[in-house]
Amino acid sequence: MFYDLNVFKTAYAMATHAGQRQAVISRNMANADTPGYKPRDIEAFQQAFENSGREVAMAATRAGHLHGGTPDQPWVEYTATASGDPNGNGVSLEQELLNAVEVKRQHDRALAIYRSSIGILRTSLGRA
């Protein structure tokens, strides 16, 4: 009856994407005073979902990084537009805060979709 519930896979992917993007935003904010640091970001969930057929491997930045393995990462990380500080740092804390709010909303949306789907599934099974 319920063999392939794609709504749960999509909600999981959306929440995972939000977590990964939050980690990138946190890294940007932590390096806001690092001279020469370029802010990073990952592609939007919609683009990642549309391009989910392709696989992107994580890049090891030094020997021994990622325990020598290269697990698959479905989201492409790229260098975001820099704000242009005199010390070469391109992080805008205001922009990063706005990105963090956007990511929180995305994560909350994913959890709402998951909760709603669980409620529908329980109701259909007569266990509401």
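The model is a prediction in which local features need pLDDT of at least 70 and side-chain atom pairs count only at pLDDT 80 or more, whereas totals for chains, interfaces and linings use all residues. Residues are numbered from 1 along each chain as its sequence is written, and side-chain values use heavy atoms, with hydrogens and water left out.

The protein chain contains 3 helices and 2 strands, these being DSSP runs numbered from the N terminus (helices, H or I, at least four residues; strands, E, at least two). Along the sequence, these elements follow the pattern α-β-α-β-α. The average pLDDT, the predictor's confidence in each residue on a scale from 0 to 100, is 82 for the protein chain, and 75% of the residues score at least 70. Confidence is lowest in E2, with a mean of 76, and highest in H3, at 94. Where pLDDT is low, the predicted coordinates should not be read in detail. Of the 128 residues in the protein chain, 23% are buried, a class defined by a relative accessible area under 20%, with exposed meaning over 50% and partly exposed in between (1.4 Å probe, protein chains only).

Helix H1 (residues 6-30) packs with H3 at an angle of about 160 degrees, the axes lying 9 Å apart; such axes are lines fitted to C-alpha atoms, for helices over the stretch in contact, and angles run from 0 to 180 degrees between N-to-C directions. H1 and H3 are therefore roughly antiparallel to each other, the term for angles over 145 degrees, while those under 35 count as roughly parallel, 65 to 115 as roughly perpendicular and the rest as oblique.

Asn 89 is placed in the loop between strand E2 (77-79) and helix H3 (93-124), and Asn 89 counts as buried because its relative accessible area is 0%. A polar atom of the Asn 89 side chain lies 2.9 Å from the backbone oxygen of Ala 32, and the side chain of Asn 89 also reaches the backbone nitrogen of Val 91, at 2.7 Å. Gln 47, by contrast, lies in helix H2 (residues 45-50) and counts as partly exposed because its relative accessibility is 42%. Although Gln 47 and Val 76 are separated by 29 residues in sequence, their C-alpha atoms are 9.8 Å apart in space.

Notes. Polar contact = N/O pair within 3.5 Å; in protein donor to acceptor, adjacent residues only side chain to side chain.
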